[in-house]
Amino acid sequence: MIPVELFAALQAGPLDAVLAPFYWFLALWSDLLFAVGDATGLGFLDYRFMHRAILVGLCIGVMAPLIGTFLVHRQLALIGDALAHTAFAGVAVGLFLNGVFSLGVSPYLTAVVVAVIAALLIELISETTDAYNDVSMAIVLSTGFALGTVLISLNAGGLAVGINQYLFGNLSTVSAENAAILLVLFAVIVGTVALTRNQLLYVTFDETAAAVSGISVTWYNRVMVMLTALVVVGAMQIMGVILVAAMLVVPVAGAAQVSRSFSESLLVSVVLAELAVLLGIGASYYGEATAGGVIVLFAVGIYVVSVAIGKLQSRAGEDATPELGSIESSDL
Amino acid sequence: MSALRNGESAESADIGVADDATADAGGSSGPLVELADVEFGYTATPVVEDISLRIDPGEYVAIVGPNGSGKSTLMKLILGLLRPDAGTARLFGEPSHAFDDGARIGYVAQHASASKEMPITVREVVKMGRFPHVGFGRLSAEDHRIVDEALATVGMTDFANRRVTKLSGGQRQRAFIARALAGEADLLVLDEPTVGVDAESVDAFYDLLEALNEEGITILLIEHDLGAVTDHARRVVCLNREVYFDGPTDEFVESDALARAFGTAASFAGGGGA
């Protein structure tokens, strides 16, 4: 089975050739989940589309809070929302091109392109005006959504059917190609953050000191918004345009309540997000509800619990105050 | 520029800061900071103007001036965070805004500009001081040792795993001082570093700066606490939009620059225990 899929993929074109290893990985993943399904008797593991949805969900659970942590602590929580709406314009562009020119482009690819351009636009606006501001984000957000709706209405006949899946997300429409694209995005995002974690942390915590220490704040800000665009597009498949920003923000906000250190908060936010994703996918399958909404509701529930735990923690921790040492110049 | 550098080479060799001299632009043997006729304004009215200033390796310089005199702006120009509207600013021999060897500068901000909400421990903050040295890499055992040492130096060892947001203002400031120390920089730039720090620790802190300066580290201190400045700094630059005085601390105390820059009410008595 594996070689056949690989072979078929290689025949299909340059994009598929690039994605071939990821198709192979998907097949492997599917085999694993069939085995898990057999062993546990979980009914929803009998479907390949659920396997892909779970894999995509797991990836979202890592990359959304990973990027979200850097955004939330710079008061940029809403940038995800703005970019999601421009990604929607990107989807519309893809569907439009497919409809008019009969191209077989995945709308997620055009969404990546449009969202990254919009991300750089927001960044450039903020660089020239010296501040991230609600107004520029609101303008980009509404421009994106307006462009999307116009393109879709121009081409309504063939398109109206497919729009809900982008707006609200859908577990069952995660195709093998889209899952493979997501794996590529995942690798790019996690790889970039792993490489530049020091710089991103410094810029996030203390922009001025980071600039003095020789870090190009402007460039890392650009990298950050572009990564955000990639996360948004990747997560859109399941979460939908309207709810995708929640995954960037809610688990991070929960983690900030209970964590002391930055590394701990990263880890906790990923754990919380994964919990919400898995519970949400399971519940939405059995409850036949939209996965994106259910996942976000679980995430918010987890956030509320985190706030409560955080309050208890700080009450318990107030007793012990360590001794403040003196400033020593003798041991230099 | 080159004439200045030649005249200065003997002095800087004595101090020995130029050990790790890089090959570029002669940055290490000349002045660390050099401003020539700098003017800057956020609007049409200049905040600072006609500033010429040079700081050589091993100096201990304090910039004083009343509120709104442009001290912090001047510091930003020196660090390259702002670009002068007129004149030139050079740092380690390079144009300040283009200078990017962060390992050579330690910086402590006025009211820590840092995020106030973020979950992060004192140790994680101090580790940032090592980031310019490791780039994309991981911190080595040696880096961690330096971080521990910096924490011990500011007396924050027991607070290393505390969340920064739960600290008092003075404790936070100590953490930021430790971060600057961990950077092992040639030039320490401190913008009112002791705001919020208790009086006893302030004295200890200035002793620490003195000890660092004796090791050859150049110190640039921006202060409103005149007592502290006259007790510790070797050279004073008195600023109020332009330079009113630039010279040895003793001469500054005897001069009338203070009265001219601050108005008549100012005196040295208010500050850190002369």
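B:Ala257 is in contact (heavy atoms within 4.5 Å) with B:Cys238, B:Tyr244, B:Phe245 and B:Phe252, leaving aside neighbours within four places in sequence. This is a predicted model, in which local features need pLDDT of at least 70, side-chain atom pairs count only at pLDDT 80 or more, and totals for chains, interfaces and linings use all residues. Residues are numbered from 1 along each chain as its sequence is written, chains are lettered from A and ligands numbered from 1 in the order in which they are written, and side-chain values use heavy atoms, with hydrogens and water left out.

**Around B:Ala257**

- B:Ala257 belongs to helix α10 (residues 257-262) of chain B. Helices here are DSSP runs of H or I with at least four residues, strands are runs of E with at least two, and both are numbered from the N terminus.
- B:Ala257 counts as buried, at 0% relative accessibility. Buried means under 20% relative accessible area, exposed means over 50%, and partly exposed lies in between (1.4 Å probe, protein chains only).
- B:Tyr244 is 13 residues from B:Ala257 in sequence, yet their C-alpha atoms are 5.8 Å apart in space.

**A buried glutamate in a loop**

- B:Glu59 sits in the loop between β2 (48-55) and β3 (60-64) of chain B.
- The relative accessible area of B:Glu59 is 19%, so this residue is buried.
- The side chain of B:Glu59 reaches the backbone nitrogen of B:Asp56 at 2.8 Å.
- Not counting residues up to four places away in sequence, B:Glu59 touches B:Arg54, B:Asn213, B:Ile217, B:Thr218, B:Ile219 and B:Arg235.

**Strands and a helix of chain B**

- Strand β1 (residues 33-40) and β2(B) pair in the antiparallel sense over 5 bridges. Two strands pair if DSSP finds at least two bridges between them.
- B:Glu34 stands opposite B:Arg54 in β2(B).
- β1(B) is also joined by 5 bridges to strand β4 (residues 86-91), and these two run antiparallel. There, B:Glu39 has B:Ala86 in β4(B) as its bridge partner.
- Helix α2 (residues 71-79) of chain B is largely enclosed by the rest of the structure, because 7 of its 9 residues are buried. Among them are B:Leu74, B:Met75 and B:Leu77.
- Just after α2(B), B:Gly80 takes a positive phi of about 85 degrees.

**Where chain B meets chain A**

- In this interface, 46 residues of chain B are in contact with 39 residues of chain A.
- About 3,700 Å² is buried between the two chains, and carbon and sulfur atoms give 63% of that area. Buried area is the accessible area (1.4 Å probe) that two parts lose on being put together, summed over both.
- B:Met118, B:Pro119 and B:Phe136 supply 17% of the area that chain B buries against chain A, more than any other three residues.
- How many salt bridges does the rule find across the interface of chain B and chain A? It finds 1. A salt bridge is a side-chain nitrogen of Lys or Arg within 4 Å of a carboxyl oxygen of Asp or Glu.
- B:Arg179 forms a salt bridge with A:Asp206, and the closest N and O atoms are 2.8 Å apart.
- α7(B) gives the most to the side of chain B that touches chain A, with 7 residues.

Methods:
Polar contact = N/O pair within 3.5 Å; in protein donor to acceptor, adjacent residues only side chain to side chain.
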